[in-house]
Every structure is written in C-alpha cells, then in structure tokens.
Amino acid sequence: MGTVVDDAAAAEFHAFFERHYAELSRLAHLLTGEPDAADDLASDALLALWHRWDRVRAADHPAAYARGVVANLARTRVRAAVRERRRVALFWSQREERTEDPDVAGVVDVQGALRRLPFRKRACVVLRHAFDLSERDTALALGVSVGTVKSQTSKGMAELQRLLGTRAAPKQVHAVIARSGGAAGGNR
C-alpha cells in the first residue's frame, strides 16, 4: 500500500474528498438502503482510495473509480446481511408460541440479566435454551466452533445464575428463558 503523503497529493486528495464525499455517501445509501451505513461505506471507500491515491489520481475517471469502490463495499455489506438473515431464518421457529400464565416477573428478570451478558454468551444461552438448538446448530448460526458454544453457554448460564441471585439448576433458568420465548434474545 503505497500511500502518497506529499503536500500536493494531500491537497489534491482533500479537494477530491470535499467534492465527492456526499455523492459517494448518497450512492452507498441508495445501494444498501441503510442511511446509517452510508457514511461509513463512503469513508471506508475514501480511505481505500487514499491508500491507492497515486493510482486513483492517474486514472482517467477518478470519480468513477471511487463509485466502483463504494459499489463493491456495498455489495459486500448487502451479501453479509443476506447471509445473516438466512442464518436467522434457518433457525427461527415459524410456529406461534403461546404460554398460559407466564411468570412475567421471572421473564423480566431473565431478560434484564440476559442484556447484561456479553453478546456471544447471550447468543449461545438464548439459542441453546430458548430455541433448543443443538451445540452444532448454535455453532453454525453464530459462525463459531462447537467448543466455543459449550464454553460460552456454560459461562453464560453461570453468570445468569449469579445475576439472578439463584443457585437454581440450569433447568430452572432454562424454563424461565423458554417461557419468555424468542423475545429474550431480541434485545441487543
């Protein structure tokens, strides 16, 4: 990565940035449909252009080159989102679950405790106990190893028991999580 750092190149890049940043951000927004991600994608594209500025400034159409970089970054982001949605859909139960006489206070306590867990522990606990996924299916959904699922689930359950102030067996915590349904995992 041969970043050009002389003053003339820096001034030229700054002018390019000022002239095209808004356009590149708009393009990213239109390609992804995500207004919050648009600025990030435009910034990432301009950073990549800066690292190749000697090549970009020599191109016949530097703005077209920049738009191509944004399009590639947007494509990568959209593909990642599609893969994530497919993973979720693969494991999401389509049947409607209803619980008679739910323990609302218990569910609220567990949901609060779940929110305090780091994401990976929370995801492992919810997928294993609320969605009854196997360790293998949980690992597949999260893109981690089965060993990671085992350790994170174990640590997460221990932390939940500590947070809830109970020495209850994992089955009791499991029952409260399962009663709360998939909603327990929906809080990020």
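Trainee: Let's start with Arg120: how exposed is it?
Mentor: Keep in mind that we're looking at a predicted model. In it, Arg120 is partly exposed, with a relative accessible area of 43%.

Trainee: Why does 43% count as partly exposed?
Mentor: Because buried means under 20% and exposed means over 50%, and anything in between is called partly exposed. Arg120 has 43%.

Trainee: Which helix is Arg120 in?
Mentor: That's α6, residues 119-130.

Trainee: And what does Arg120 touch?
Mentor: Leaving out residues up to four places away in sequence, Arg120 touches Val144, Thr148 and Gln152.

Trainee: Take Gln152 then. Is Gln152 buried or exposed?
Mentor: Gln152 counts as buried, because its relative accessibility is 15% and the cut-off for buried is under 20%. Gln152 belongs to helix α8, residues 146-164.

Trainee: Which residues does Gln152 contact?
Mentor: Setting aside neighbours within four places in sequence, Gln152 is in contact with Arg120, Lys121 and Cys124.

Trainee: Let me zoom out. How many helices and strands does the protein have?
Mentor: Nine helices and zero strands. Read from the N terminus, the elements go α-α-α-α-α-α-α-α-α.

Trainee: How much of the protein is buried?
Mentor: Of the 188 residues, 34% are buried. As for the surface, the accessible area is about 11,700 Å², and carbon and sulfur atoms hold 51% of that.

Trainee: What share of the contacts comes from residues 24 or more positions apart?
Mentor: Among contacts with a separation of 6 or more, 69% are between residues 24 or more positions apart.

Trainee: On to the inside. Which residues touch the most other members of the largest nonpolar core?
Mentor: Phe13, Phe16, Leu24, Leu46, Leu49 and Trp53, out of 20 residues in that core. The elements giving two or more residues to this core are α1 (7-32), α2 (35-51), α3 (53-58) and α4 (62-91). The largest share is from α2, with eight residues.

Trainee: What about Trp53, what does it touch?
Mentor: Not counting residues up to four places away in sequence, Trp53 touches Ala9, Glu12, Phe13 and Phe16.

Trainee: What does the second core include?
Mentor: The second core is separate and has nine residues, including Val110, Leu114, Val125 and Ala130.

Trainee: Back to α1 and α2: at what angle do they pack?
Mentor: About 145°, and their axes are 8 Å apart. The crossing of α1 and α2 is right-handed.

Trainee: Which residues make that contact?
Mentor: From α1, they include Phe13, Phe16, Tyr21 and Leu24, and from α2, Leu41, Leu46, Leu49 and Trp50 are among them. By type, the contact of α1 with α2 has 15 nonpolar residues, four polar and one charged.

Trainee: Last one, Ala66. Where is it found?
Mentor: Ala66 is in helix α4. At 1% relative accessibility, Ala66 counts as buried.

Trainee: And which residues is Ala66 in contact with?
Mentor: Aside from neighbours within four places in sequence, Ala66 is in contact with Phe16, Leu24 and Leu49. The C-alpha atoms of Ala66 and Val56 are separated by 8.3 Å, and those two residues are 10 residues apart along the chain.

Definitions and conventions: Residues numbered from 1 in each chain as written. Predicted model: local features only at pLDDT ≥ 70, side-chain atom pairs only at ≥ 80, totals over all residues. Heavy atoms only, no water. Core = buried A, V, L, I, M, F, W, Y, C linked by side-chain atoms within 4.5 Å. Buried < 20%, exposed > 50% of the residue type's maximum accessible area, 1.4 Å probe, protein only. Helix = DSSP H or I, 4+ residues; strand = E, 2+ residues; numbered from the N terminus. Contact = heavy atoms within 4.5 Å. Axes fitted to C-alpha atoms, helices over the stretch in contact; angles between N-to-C directions. Left-handed = near helix turned anticlockwise from the far one by under 90°. Nonpolar A, V, L, I, M, F, W, Y, C, P; charged D, E, K, R; others polar. Areas by Shrake-Rupley, 256 points an atom, 1.4 Å probe, with all protein chains shown as cover.
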